[in-house]
Amino acid sequence: MRIITFIIFGLFSFNGIYGENVCYKDKCHVSSTRYLLYDVNPPEGFNLRRDVYMRIAILAHQLQKSTRLGLNSIKVVLPPWSHLIHWSYSEIPEYVPWSTFFDLHSLQLFAPVIEMHDFFSILQQNKYTKAIIDNVYILQHFDDMFETGKFVDKLEIQKCQNPPKVRYFYYNNMTSTNVKCLSFHGPASQLIQLLQNTSSKTILVDHAEVMLHDRFGDKTYWMARRSMRFNKELRKIALKFRENYLNSTDRGDNTFLEADWRNDKPKRDATGGPYIGVHLRRRDFARSRPEEVPSIENVADQISALLQKLQLEKVFIATDATKLEYDGLRSKLEQKYEVYRYEPTDVIKEKFNEGGVAIIDQIICSYSRYFLGTKDSTFSYRIQEEREILGFPTDRTFNVLCKNMHECSEPSVWKIVY
Ligand SMILES: Nc1nc2c(ncn2[C@@H]2O[C@H](COP(=O)(O)OP(=O)(O)O)[C@@H](O)[C@H]2O)c(=O)[nH]1
Ligand SMILES: [Mg+2]
């Protein structure tokens with residue numbers, strides 16, 4: 001096995017992904033493509049991972065424009081969706097590619113990204129051969145910065161604070177003999193200092209969430225965000241649901257988007273369908289912050305008051321609540337209003353798993369006349385961003401459920417920039 005591995009890495013050169021063959025070093029030119037892999041702290045959920053993606057994608061977008069060879073040839077390898085703590089695993093395939101949830105072509109119009117399975121096929125490996133990563137950097141926070149409270153942008157190879165992982169992305173066949181811990185404080189672009197000082201073909205950055213945003217909330221940030229169009233089939237399922245149950249169409253709601261996100265225009269006149277979209281985050285949220293999360297009865301009261309104020313009849317509820325909690329909420333509201341929840345068929349659940357169902361919930365909330373989210377939930381944040389892209393007035397978007405009628409905090413407002 002050792003010998004085979006050596007041959008693969010010793011004789012084959014990496015090459016571009018589209019239509020090119022990997023070939024022997026002597027016989028064709030050595031490709032300059034380099035691969036940047038990344039992973040995120042295991043307990044982080046889907047919607048924070050989307051934010052970490054943006055930090056990396058903005059870095060890759062920047063690198064692509066660089067005049068330096070070696071920097072402008074970097075492609076980001078997308079970590080497959082696996083082992084997410086909120087998802088149950090018996091039903092889902094172990095490794096879900098990004099294209100199940102997102103429109104890959106749309107992502108690639110912003111940044112040079114490829115799927116992990118493409119990376120493997122570039123390596124011309126099958127699941128029995130080893131992928132040896134040239135350099136692995138496990139990011140960690142500077143201990144002393146937290147102690148002193150003085151934060152300065154820097155990076156430095158230091159002693160590992162935790163025992164380094166030996167398996168990556170839960171693959172049995174991906175390893176490295178060159179693993180370092182990199183204390184890091186600063187934006188993702190700080191990684192350039194490291195990338196330009198190595199000629200490694202494959203670099204893996206673990207705990208990528210340690211890197212901060214380079215340009216939170218500016219034009220480039222929003223380009224990256226706009227490029228994150230969902231998988232077309234998921235969009236279609238959500239549209240059908242809106243049409244069938246919620247009287248909601250793009251024409252009627254003024255929520256048309258261009259086929260290509262690069263042609264989107266700033267607007268603020270979306271009306272949305274005649275329903276309120278509510279994101280009610282429960283489970284670990286309700287357990288870990290009982291002093292902030294409203295009771296189900298209270299949520300019902302807040303929704304009723306809002307429906308009455310907006311003179312609407314329908315409410316769509318996206319939630320990870322238990323059936324018991326949801327039934328409680330529904331029975332209270334149903335006395336006066338129409339209550340909807342998206343229930344996937346077995347086929348859709350099988351095909352898109354819990355992640356896809358959650359996205360359908362997010363899309364339907366995004367197209368509502370008025371959105372009411374859960375404070376501090378990244379699931380709700382992503383819906384708010386989607387509504388900024390669709391062009392809703394901000395007061396219809398940045399609203400969160402209160403603890404009760406008397407205790408309510410203002411949500412932060414992050415407006416889109418073009
Ligand atoms: N279908 C569905 N799933 C949800 C909903 N809210 C939360 N979830 C699930 O729970 C996870 C919550 O984790 P995360 O994405 O980290 O968002 P956050 O924890 O609210 O910031 C999501 O990824 C979903 O899998 C919801 O309204 N509908
Ligand atoms: Mg989370």
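Start at the largest pocket, which holds about 1000 Å³ of space. This is a predicted model: local features need pLDDT of at least 70, side-chain atom pairs count only at pLDDT 80 or more, and totals for chains, interfaces and linings use all residues. Side-chain values use heavy atoms, with hydrogens and water left out, and residues are numbered from 1 along each chain as its sequence is written.

On a 1 Å grid over the protein atoms alone, a pocket is an open set of points with protein on both sides within 12 Å along at least five of seven lines; a cavity is a set where a 1.4 Å probe fits but cannot get out; lining residues have an atom within 4 Å of a point. Grid points are joined across faces, edges and corners, and a volume is the space filled by probe spheres set on the points.

**Stop 1: the largest pocket**

Select Arg 283, Thr 319, Asp 320, Ala 358 and Phe 379; of the 36 lining residues, these lie nearest the centre of the pocket. Now colour α2 (46-64), α10 (283-288), β11 (314-319), α12 (323-334), α13 (346-366) and α14 (378-390), the elements that each give two or more residues to this lining. Helices (H or I, at least four residues) and strands (E, at least two) are DSSP runs, numbered from the N terminus. The largest share, six residues, comes from α13.

Colour by class next. The lining has 13 nonpolar, eight polar and 15 charged residues. Here Ala, Val, Leu, Ile, Met, Phe, Trp, Tyr, Cys and Pro count as nonpolar, Asp, Glu, Lys and Arg as charged, and the others, Gly among them, as polar.

**Stop 2: the domain interface**

Select 2-220 as domain 1 and 231-396 as domain 2; such bounds come from an automatic or database domain assignment. Both domains give residues to the lining of the largest pocket, so the pocket lies between them.

The contact (heavy atoms within 4.5 Å) takes 20 residues from domain 1 and 23 residues from domain 2. About 1700 Å² is buried between the domains, with carbon and sulfur atoms giving 48% of that area. Buried area is the accessible area (1.4 Å probe) that two parts lose on being put together, summed over both. Show Asn 47, His 86 and Phe 101: they supply 31% of the area that domain 1 buries against domain 2, more than any other three residues.

Which salt bridge crosses this interface? The rule finds one: Lys 232 with Asp 103, the closest N and O atoms being 3.1 Å apart. The rule asks for a side-chain nitrogen of Lys or Arg within 4 Å of a carboxyl oxygen of Asp or Glu.

**Stop 3: another salt bridge**

The count comes to 29 salt bridges. Pick Lys 165 and Asp 206, whose closest N and O atoms are 3.2 Å apart. Lys 165 lies in the loop between β6 (154-158) and β7 (174-175) and Asp 206 in strand β9 (residues 202-206), so the pair ties together parts that are 41 residues apart in sequence.

**Stop 4: the cavities**

The whole structure has two cavities of 30 Å³ or more. Select Asp 39, Val 40, Arg 49, Pro 80 and Ser 82, the closest to its centre among 15 lining residues. This lining has 10 nonpolar, two polar and three charged residues.

End at the second largest cavity, with about 30 Å³ of space. Arg 225, Arg 226, Met 228, Arg 229, Leu 257, Glu 386 and Ile 389 line this cavity.

Note on methods: Chains lettered and ligands numbered in written order.
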